[in-house]
Amino acid sequence: MTDEADCRSAVTRLNDDLDQRVVSNVAQAIWLPSPAPGVDRRMLDRNGGEIGRSTSIVRFAAGAKFGQHAHGGGEEILVLEGVLSDEYGSYPAGSYVRNPPGSAHTPFSRDGCVLFVKLWQFAYGDHATVCIDRRTAQWLPGLVPGLSVMPLHEHAGISTALVRWAPQTRFSQHVHPGGEEILVLDGLFVDEDGEYCPGTWLRNPRWSRHTPFAGPEGALIYVKVGHLGADLLQPPAA
Ligand SMILES: [Fe+2]
Ligand SMILES: [Fe+2]
């Protein structure tokens with residue numbers, strides 16, 4: 001076994017206590033090899049081996065291909081850079097894709113891509129296949145002036161959206177009964193606990209609260225709420 005394979009196999013638990021707040025600068029995480037040549041990952045959270053709950057940044061080198069695989073617990077993808085392809089289509093940067101439990105595909109990237117990927121984080125009964133292109137989907141008015149929302153998916157109290165903040169927009173203090181997860185995509189996102197630049201991944205536990213606002217250039221964030229502690233599909237016992 002190579003050193004890299006040793007390193008990969010050692011990372012089976014990372015940030016897996018969902019009651020703990022986590023703030024990660026994605027760019028500081030090391031790239032680890034996946035089972036497929038040319039496909040590397042930065043782990044954000046993980047509870048299990050290759051079959052288990054995980055959140056990660058995945059990078060396909062130009063021409064890289066991941067073998068055909070089924071999604072036992074569902075797969076959620078936000079394309080951050082480049083173009084991801086599989087036998088069903090191509091998904092440029094800004095695409096949001098949900099491959100539900102029981103689906104399968106053979107992904108590849110002709111010119112390379114970077115993805116935000118969540119595995120085994122689907123609620124029971126969530127069978128929707130979703131493919132949304134941020135470039136053409138509609139923005140809806142948010143709860144306060146300056147806020148725009150692009151709903152991505154909702155099921156059983158778990159909702160996922162992109163939220164766009166005009167410069168200096170302030171949101172009211174609010175509680176996250178089911179937790180909140182954020183990936184900052186652009187601009188500067190701020191709350192009373194810190195300032196978060198693009199590439200920052202936040203996980204605020206259940207019943208946490210904050211009063212967020214956007215910096216002088218605004219912000220674009222991916223947000224998921226309601227999933228921490230929810231009744232999610234469980235991977236088979238190892
Ligand atoms: Fe997949
Ligand atoms: Fe929040």
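Reply: A pairing in the sheet is a place to begin: Thr160 has Lys224 as its bridge partner in β21. The model is a predicted one.

Me: What makes β15 and β21 a pair of strands?

Reply: Two strands pair if there are at least two bridges between them. β15 and β21 (residues 213–225) are joined by 7 bridges and run antiparallel, so by that cut-off they pair.

Me: Which other strand is joined to β21, and how many bridges are there?

Reply: Strand β17 (residues 180–191) is joined to β21 by 9 bridges, again antiparallel. Within this pairing, Gly187 has Ala219 as its partner in β21.

Me: Why is Ala156 called partly exposed?

Reply: A residue is buried with 20 or more other C-beta atoms within 10 Å and exposed with 12 or fewer; partly exposed is in between. Ala156 has 15 C-beta neighbours inside 10 Å, so it counts as partly exposed. Ala156 sits in the loop between β14 (147–155) and β15 (158–165).

Me: And what makes Gln168 partly exposed?

Reply: Gln168 has 13 other C-beta atoms within 10 Å.

Me: How do you know that the two domains touch?

Reply: The chain is divided into domain 1 (3–133) and domain 2 (140–225). Residues are in contact if their C-beta atoms lie within 7 Å, and 21 residues of domain 1 are in contact with 17 residues of domain 2. On the side of domain 1 that touches domain 2, β2 (22–25), β9 (95–99) and β12 (130–133) each supply at least two residues. β2 gives the most, with 4 residues. That side of domain 1 divides into 13 nonpolar, 4 polar and 4 charged residues. The C-alpha centres of the two domains are 22 Å apart.

Me: How confident is the predictor in the chain?

Reply: The average pLDDT is 93, and 95% of the residues score at least 70. Residues 1–9 have a pLDDT below 50, and this stretch has 5 contacts in the model beyond near neighbours in sequence.

Key
Residues are numbered from 1 along each chain as its sequence is written. Chains are lettered from A and ligands numbered from 1 in the order in which they are written. This is a predicted model: local features need pLDDT of at least 70, side-chain atom pairs count only at pLDDT 80 or more; totals for chains, interfaces and linings use all residues. Domain bounds come from an automatic or database domain assignment. Two residues are in contact if their C-beta atoms, placed from the backbone, lie within 7 Å. Ala, Val, Leu, Ile, Met, Phe, Trp, Tyr, Cys and Pro count as nonpolar, Asp, Glu, Lys and Arg as charged, and the others, Gly among them, as polar. pLDDT is the predictor's confidence in each residue, from 0 to 100.
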